[in-house]
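Visitor: I am new to this structure. Please walk me through it.

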Amino acid sequence: CRAVDTRAGLGALTAAATRSFTLTGVCGAPQNTGAYSTNVTAIPTAGSLGFLTAWATGAARPLVSTLNSFDGRVTANAALVPAGTGGAVSLFATDPTHVIVDLNGYFRR
């Protein structure tokens, strides 16, 4: 199920900025979701994308990437992302990019 698509009026992530997206209630994910099984796709808008990171909203941003696109190609990667505050996940991109988050499933708390 497509949970997030910034191309659909949400606007691309800007460089070095964090955005959060609530996934509970989307695609049938209940309020007691502990983590999401996702497929995250980056569509760089200005050439290369150093990295994109997904993590639980409210937690500190980890020092690892979810995906990289150094050559600016559309890139996807599967990721298990913990549910954060209000069931949200945060995304950080080093460079401007559109993002798609497909929800494959979830794990209850």
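Guide: Start with a term: a nonpolar core is a set of buried Ala, Val, Leu, Ile, Met, Phe, Trp, Tyr and Cys residues joined through side-chain atoms within 4.5 Å. This is a predicted model. Its largest nonpolar core has 21 residues.

Visitor: Which residues of that core touch the most other members?

Guide: Tyr36, Leu49, Leu52, Leu67, Leu91 and Val99 do. Strands S3 (33-44), S4 (49-56), S6 (75-82), S7 (88-93) and S8 (97-108) each give two or more residues to this core.

Visitor: What makes Leu52 and Leu91 contacts of Val99?

Guide: Contact means heavy atoms within 4.5 Å, so that is the test Leu52 and Leu91 pass with Val99. Val99 also touches Val4, Asp5, Thr6, Leu13, Val40 and Thr41. Residues up to four places away in sequence are not counted here.

Visitor: Why are S1 and S6 called edge strands?

Guide: Take the sheet's order: S1-S8-S3-S6, four strands, open, with antiparallel pairing. S1 (2-5) and S6 each have a single partner strand, so one side of each is left without a neighbour in the sheet. Neighbouring strands are turned by 20° against each other on average, direction ignored.

Visitor: How do you know that S3 and S6 pair?

Guide: Pairing takes at least two bridges. S3 and S6 have eight, in the antiparallel sense, so they count as a pair. In one of them, Ala42 has Thr75 in S6 as its bridge partner.

Visitor: What is the mean pLDDT of the protein?

Guide: The mean is 96, and 100% of the residues reach 70 or more.

Definitions and conventions:
Residues are numbered from 1 along each chain as its sequence is written. This is a predicted model: local features need pLDDT of at least 70, side-chain atom pairs count only at pLDDT 80 or more; totals for chains, interfaces and linings use all residues. Side-chain values use heavy atoms; hydrogens and water are left out. Buried means under 20% relative accessible area, exposed over 50%, partly exposed in between (1.4 Å probe, protein chains only). pLDDT is the predictor's confidence in each residue, from 0 to 100. Axes are lines fitted to C-alpha atoms, for helices over the stretch in contact, and angles run from 0 to 180 degrees between N-to-C directions.
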